[in-house]
Amino acid sequence: MRILMALSLVVLLVSTGWAATGGFQGGAPAGAGGFQGPGGQTGVTTVAQAKSAWDDTPVVLTGHIVSRAGGDHDHYLFRDSTGEIMVEIDDELFMGRTVTPQTTVRLYGEVDKELVGRTKIDVKSMEIQ
């Protein structure tokens, strides 16, 4: 029993230390820290690519938030030259900035494929262009 508790404590300490370092930040937005360079950028940069990508695939989309969507306060319809997709943007990512359908934004996030329903993008950060 003592060995199991000691092993559990070691796993907890190691995993907490790894989380604190942040791990590899390959597709991080500019200014967020982490690696920026060859192999560090995501290949998914359009709505069309995102719709056919696997769940949790990192994306960087540039386009326009055109309207609220889905009845939830943090769901929006995003459009680029290849199509439209629902995006989920937490209120704090706006950081007090006003965004209109004419505002060009760059969204960093990941594909969220639901078993039932549509594919959407879970936005982690947003830049106004």
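1. Leaving aside neighbours within four places in sequence, T103 is in contact with G63, H64, T98 and I128; contact here means heavy atoms within 4.5 Å. T103 itself lies in the loop that connects strand 3 (83-88) to strand 4 (104-113). Strands (E, at least two residues) and helices (H or I, at least four) are DSSP runs, numbered from the N terminus.

2. The structure is a predicted model, in which local features need pLDDT of at least 70 and side-chain atom pairs count only at pLDDT 80 or more, whereas totals for chains, interfaces and linings use all residues. Residues are numbered from 1 along each chain as its sequence is written, and side-chain values use heavy atoms, with hydrogens and water left out.

3. T103 counts as buried because its relative accessibility is 15%. Buried means under 20% relative accessible area, exposed means over 50%, and partly exposed lies in between (1.4 Å probe, protein chains only).

4. One of the contacts of T103 is G63, a residue of strand 1. G63 is also buried, at a relative accessible area of 6%. Not counting residues up to four places away in sequence, G63 touches F78, R79, D80, T103, T104 and V105. For G63 and F78, which stand 15 residues apart along the chain, the C-alpha atoms are separated by 7.1 Å.

5. Strand 1 (residues 58-68) pairs with strand 2 (residues 75-80) in the antiparallel sense, over four bridges; two strands pair if DSSP finds at least two bridges between them. Within strand 2, Y76 is the bridge partner of R68.

6. The five strands form a closed barrel in the order 1-2-3-5-4, and the pairing is mixed. On average, neighbouring strands of this sheet are turned by 55 degrees against each other, direction ignored. The axes are lines fitted to C-alpha atoms, for helices over the stretch in contact, and angles run from 0 to 180 degrees between N-to-C directions.

7. As a whole, the protein has two helices and five strands, and from the N terminus on these elements run α-α-β-β-β-β-β. Of its 129 residues, 33% count as buried. Among contacts between residues at least 6 apart in sequence, 50% join residues at least 24 apart.

8. The protein exposes about 8,200 Å², of which carbon and sulfur atoms supply 61%. Accessible areas come from the Shrake-Rupley method with a 1.4 Å probe; for residues, only the protein chains shown count as cover.
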